[in-house]
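Please read the numbered points with the sequence and model at hand.

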Amino acid sequence: MSSHTVEPSLPPPSENPDSPRGERELDRTHHPSGPPGPRLPQRLAELVNTHALALLRVTVGIVFVGFGVLKLFPSASPAEQLAVDAATKMTLGLVPETVLLLSLAALETAIGIGLIAGRRLLRPALVAFFLHMGGVFSTLFLLPDAMWQPHSPAPTMEGQYVVKNVVLLAVCLVVAAHEWSRGHHRPRRPDGAG
């Protein structure tokens with residue numbers, strides 16, 4: 001006669017990977033020891049994704065406040081003369097250069113503060129931003145000798161300074177699209193009205 005011994009068996013792992021126990025078992029198999037390496041980039045990505053619009057809005061706001069404040073101090077901004085020359089052409093020379101420069105400084109600073117603060121200031125800041133960008137990009141046509149290299153389609157250093165604003169324009173288009181789409185996605189009232 002032979003004897004059979006029964007060895008104790010472990011319960012099978014949870015079939016449902018969504019269960020907390022299944023997740024713990026999965027984590028143990030993928031990360032047997034040490035800190036979970038792949039989780040840090042994932043958490044960082046989730047954090048950035050959650051706050052992406054605020055991050056974009058605030059960074060552009062900081063750039064605008066910085067450039068606006070620079071224009072308050074004579075010769076502190078490398079774009080000062082370019083801005084004054086373009087604004088003088090746009091106003092047909094009717095506004096003194098000092099007034100133009102102070103107005104640009106105030107406008108850029110106000111746009112920056114509006115973007116940083118958000119809330120009720122965001123929409124007016126975005127409108128002012130897009131109007132200002134219209135003026136900025138008009139310099140490519142108003143001051144062609146300063147913007148483009150002779151006999152070449154390549155921009156000068158000043159032209160590159162203007163062209164790089166397409167990045168700021170793209171950022172604010174994303175922020176504006178989100179901001180203005182919020183008004184159209186209001187939840188409907190349960191009674192079916194509105």
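1. The buried residues of α9 pack against α3 (52-70), α5 (97-117), α6 (122-142) and α8 (157-163). Helices here are DSSP runs of H or I with at least four residues, numbered from the N terminus. The model is predicted: local features need pLDDT of at least 70 and side-chain atom pairs pLDDT 80 or more, while totals for chains, interfaces and linings use all residues. Residues are numbered from 1 along each chain as its sequence is written, and side-chain values use heavy atoms, without hydrogens and water.

2. Asn165, Leu168, Val171, Cys172, Val175, Ala176 and Glu179 are the buried residues of α9 (buried: under 20% relative accessible area, 1.4 Å probe, protein chains only). They lie on the same side of α9, because they cover an arc of only 135° around the axis; the arc is taken from the directions from the helix axis to the C-beta atoms.

3. α6 and α9 pack at about 150°, and their axes are 11 Å apart. The two helices are therefore roughly antiparallel (an angle over 145 degrees, between N-to-C directions of lines fitted to C-alpha atoms over the stretch in contact).

4. Contacts (heavy atoms within 4.5 Å) join the two helices: residues of α6 including Leu126, Phe130 and Met133 meet residues of α9, among them Leu169, Cys172 and Ala176.

5. Overall, the protein has nine helices and zero strands. Of its 194 residues, 27% are buried.

How values were computed
Buried means under 20% relative accessible area, exposed over 50%, partly exposed in between (1.4 Å probe, protein chains only). Axes are lines fitted to C-alpha atoms, for helices over the stretch in contact, and angles run from 0 to 180 degrees between N-to-C directions. Angles under 35 degrees count as roughly parallel, over 145 as roughly antiparallel, 65 to 115 as roughly perpendicular and the rest as oblique.
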